[in-house]
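Biologist: I would like to learn how to read a protein model. Could you take me through one, feature by feature?

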Number of protein chains: 2
Amino acid sequence: MEHSKSDFNEWYNEIIEEAGLVDKRYPVKGMNVWLPYGWAIARNIDEIIRKLMFSSSHQEVCFPLLIPKDQFAKEEEHIEGFGKEVFWVDRGGDTPLDIPLALRPTSETAMYPIFSLWIRTHADLPLKIFQIVNVFRYETKQTRAFIRVREIHFFEAHTCHESFEDAEKQIREDLDIWEKFCEKMALPYMLNVRPDWDKFAGAYYSIAADTIMPSGRPLQIGTMHQYKQNFSKAYNIMFTREDGTRDYVYQTTFGISERIIGAIVGIHGDDRGLILPPEIAPIQIVIVPIVTEEKELVLREAKKLYEEISKVFRSKLDDRENYTPGYKFYDWELKGVPLRIEIGPKDIKNNIITVSRRDTLKRSTVERDNYIEKIGMILNEIQENMRKRAKEKMLDLIKDSKNLDEIKGHEGVDKISWCGSVDCAKKIEEYTGKWILGIPLNEKNEHGKCLVCGKETDMVCFVGKSY
Amino acid sequence: MEHSKSDFNEWYNEIIEEAGLVDKRYPVKGMNVWLPYGWAIARNIDEIIRKLMFSSSHQEVCFPLLIPKDQFAKEEEHIEGFGKEVFWVDRGGDTPLDIPLALRPTSETAMYPIFSLWIRTHADLPLKIFQIVNVFRYETKQTRAFIRVREIHFFEAHTCHESFEDAEKQIREDLDIWEKFCEKMALPYMLNVRPDWDKFAGAYYSIAADTIMPSGRPLQIGTMHQYKQNFSKAYNIMFTREDGTRDYVYQTTFGISERIIGAIVGIHGDDRGLILPPEIAPIQIVIVPIVTEEKELVLREAKKLYEEISKVFRSKLDDRENYTPGYKFYDWELKGVPLRIEIGPKDIKNNIITVSRRDTLKRSTVERDNYIEKIGMILNEIQENMRKRAKEKMLDLIKDSKNLDEIKGHEGVDKISWCGSVDCAKKIEEYTGKWILGIPLNEKNEHGKCLVCGKETDMVCFVGKSY
């Protein structure tokens, strides 16, 4: 690699190609080719999401990609928010279509006309479904792999409920799921209630999970939206209560995009390349035979190890000829494999294996009795260490700032007192180039004075220059 | 259901909605909503394909959906074959795009410009990749769920080789994979080398796997194409041999679409609904407690059974209150669950379980010792019986026909002698409404006279009215 991580953005752009995640040479801006290794990571993450969804009584569906314009335009704020970044299909072959079709930028407007057919009475509620699909946004800003792309690998859960309180409970369930999910990604996050002007188009409120990249810039990696009855009124999704009265359903959504991979790359990686959390690594353990001498014995032993280990862990035996161990180490470090096992004549003689952790780059030896169990413990330690380390790094990038110049001079996220007015928010934005991420969901209010106007306030908020 | 299977097409159209596979009310022609049960089947099939692909050294990728027009149009036959059935994106928001983007109808033209970057020397070959994505075709004919749709769930493998012979070997590997795959689907098929005028646009030759639906109409459910150097020349995919000479790669593709689900529904189903092969059934075993008396004991025992069984098989405990066992039987038969277990006070007392097979509708009892193993054997028997039965049904729909009137009067596929000329093929088509499916790949030629012109020929072919 030419760039060190201190030059974060260049490091990021290079590492994702060098580690074999995507190929950016596809001839459409913001659309990349998922390479086998990158796609394997995406699929592991998808499977983690699926398990969490199934175990919380969600069902998986798949809605069509194309949305007729009249359906797309029913909710006013939504069409205003998304209209400009939609790809439109106007013709099939040379034939103009009767009605233009939008490539889904998100699936509310594909799903909700159908929800209105599915839901009749309270017995049909709650409706909890999700899908994992690609969505499309005509981004005009600079694109960046995983972080800002035009074809986005996307998870979206949609739920319908009898009451606002039930929908609120759903958001709390989503927050629980999100916490479990992020543990597996070893990613820290802040939960910010977005200011009104920055909520999802059509939402009553939006909670965003923001993490902070090593550049100091926050990255939105997950969202939970409370829609109240905004969409159900536009799409006429009604139900009959037990007492016979009719009402519109209350809705929520929960979304995670491929940005999560951008965060994993950016937050965990180092100058040698990726560092993947064991929970999502396509290869958790790589075995490298050291065949300077006694080649046959070593290869036989390495193969035996592989056969035993691969029953329990996703693993790979790198028995490539014509490559030095040093080259192989470099290669698997670049790809972020959490644990490397080296096996040479000495290890065999001493009945041990040598292991090398990608997170700490530390080498140690493990005795062969019950070694599978010991390796499992090391992988758990790696996962836990990555989680802690990432959290500490994130907290280091958050600063209590007391005035606009402090905000401006700090490459990171600032925690400030804010009176809540749009005027003061605008002043912050104009002067510092950062913007209001929102009111932290789980932090206590602190009494202070608005950093701009000096008004007394209990409101604390985060500001940053989001990707 | 209103329609019996004797009225096949109507039966088909109803059963797929009643069994919860898709919702056809989505407001775009030929685009349906995958419901949880249908999507679970699709995903099980995808996973079977993935395993077969990984075990034959293919790697999974994901290419962008949108293909720039200039890339799309490079191979002449291909653009001629697909040009009219492509959805085009001409604008993002209100902004006209510099170059129109095609929604992939298949991915040759998305992948091959990138292959030309990936492949440098013989060391990069063979390249064996696949993806499972949705593709889009602007069908103008009548649409039918799974069989003719505009958004198609699709598996496509693409390979590049050093020589024509290596590419031929790949086709033979594909045929092996296909056989294993179809065993799991319990589906029979004919392998037909399509006539020149009906091969894939751009292919050197096309082998199609056709099955026959109960209506007597053949359905193409899989294809393997030999491209030779047709695409590599258009897309400049070259490699350097060991001796330093340069050549274009030889390519093949292998494709399977959601039509496979149409075949499973149509070929295995009966008047009560679907019958799913155990290998792909989302629920392999449903347990229905019979709680006419001793309710608590029965429910406890049913739950215990479920806990044991679900460790080994995909299973479901139907302990819904307020539904009779009869209603539950009806429901799970409609959904095609291969095996039902009934457990009531008598079964508990006699230390047995009562099992009911969906394929034969026969009930029997199984003693409780080692019952998991016995159930596994029954599931294997169901899979095997379905496979055999479907094959017999297919063979019954093929007839040796000796003249045009016999072909015309027969609702099925005809095996005929044909001289190979386009003229005679046209006459068959015009007179009978059926067309040439192709030359059977694995059947011996038989000496005879062309059914149309009377010329002596060794060529045998199949004709039918394909979906």
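Modeller: Note first that this model is predicted. Let us start with the lining of the largest cavity. By class, that lining has 12 nonpolar, 4 polar and 12 charged residues.

Biologist: How is empty space found in a model?

Modeller: Rolling a probe the size of a water molecule over the atoms shows where empty space is left. Here, a search of the whole structure turns up 8 cavities of 30 Å³ or more. The largest has a volume of about 470 Å³.

Biologist: Which residues lie nearest the centre of the largest cavity?

Modeller: They are A:Ile132, A:Val133, B:Ile132, B:Val133 and B:His153. In total, 28 residues line this cavity.

Biologist: Which helices and strands supply at least two residues of that lining?

Modeller: In chain A, they are helix 2 (36-54), strand 7 (127-136) and strand 8 (151-161). In chain B, they are helix 2 (36-54), strand 7 (127-136) and strand 8 (151-161). Both chains contribute to the lining.

Biologist: Next, the interface. How do I read its size?

Modeller: The size of an interface is often given as the accessible area lost when the parts come together. Between chain B and chain A, the buried area is about 4,400 Å². Carbon and sulfur atoms give 63% of that area. In chain B, the residues that lose the most area to chain A are B:Tyr26, B:Cys62 and B:Arg91. Together they make up 14% of what that side buries.

Biologist: How many residues of each chain are in contact with the other?

Modeller: 49 residues of chain B are in contact with 49 residues of chain A.

Biologist: Why is helix 8 of chain B said to be largely enclosed by the rest of the structure?

Modeller: Count its buried residues. A residue is buried if its relative accessible area is under 20%. In helix 8 (residues 259-268) of chain B, 10 of the 10 residues are buried, so the helix is largely enclosed. Among them are B:Arg259, B:Ile260 and B:His268.

Biologist: Can we follow one buried side chain?

Modeller: B:Phe72 is buried, with a relative accessible area of 0%. Leaving aside its neighbours within four places in sequence, its contacts include B:Phe82, B:Trp88 and B:Tyr235. B:Ala110 is 38 residues from B:Phe72 along the chain, yet their C-alpha atoms are separated by 7.4 Å.

Biologist: What should I look for in the backbone?

Modeller: Check the angles. The peptide bond from A:Leu125 to A:Pro126 is cis, with omega near -5 degrees. A:Pro126 sits in the loop between helix 5 (108-118) and strand 7 of chain A. In chain B, a cis peptide bond joins B:Leu125 and B:Pro126, with omega about -5 degrees.

Biologist: Is A:Asn322 buried or exposed?

Modeller: A:Asn322 is exposed, with a relative accessible area of 78%. Its phi is near 65 degrees, a positive value in a residue other than glycine. A:Ala186 has a positive phi too, near 60 degrees. But A:Ala186 is buried, with a relative accessible area of 0%.

Definitions and conventions:
Residues numbered from 1 in each chain as written. Chains lettered and ligands numbered in written order. Predicted model: local features only at pLDDT ≥ 70, side-chain atom pairs only at ≥ 80, totals over all residues. Heavy atoms only, no water. 1 Å grid on protein atoms, 1.4 Å probe; cavity = no way out; pocket = protein on both sides within 12 Å on 5 of 7 lines; lining within 4 Å. Points joined across faces, edges and corners; volume = space filled by probe spheres on them. Helix = DSSP H or I, 4+ residues; strand = E, 2+ residues; numbered from the N terminus. Nonpolar A, V, L, I, M, F, W, Y, C, P; charged D, E, K, R; others polar. Contact = heavy atoms within 4.5 Å. Buried area = accessible area lost by both parts, 1.4 Å probe. Buried < 20%, exposed > 50% of the residue type's maximum accessible area, 1.4 Å probe, protein only.
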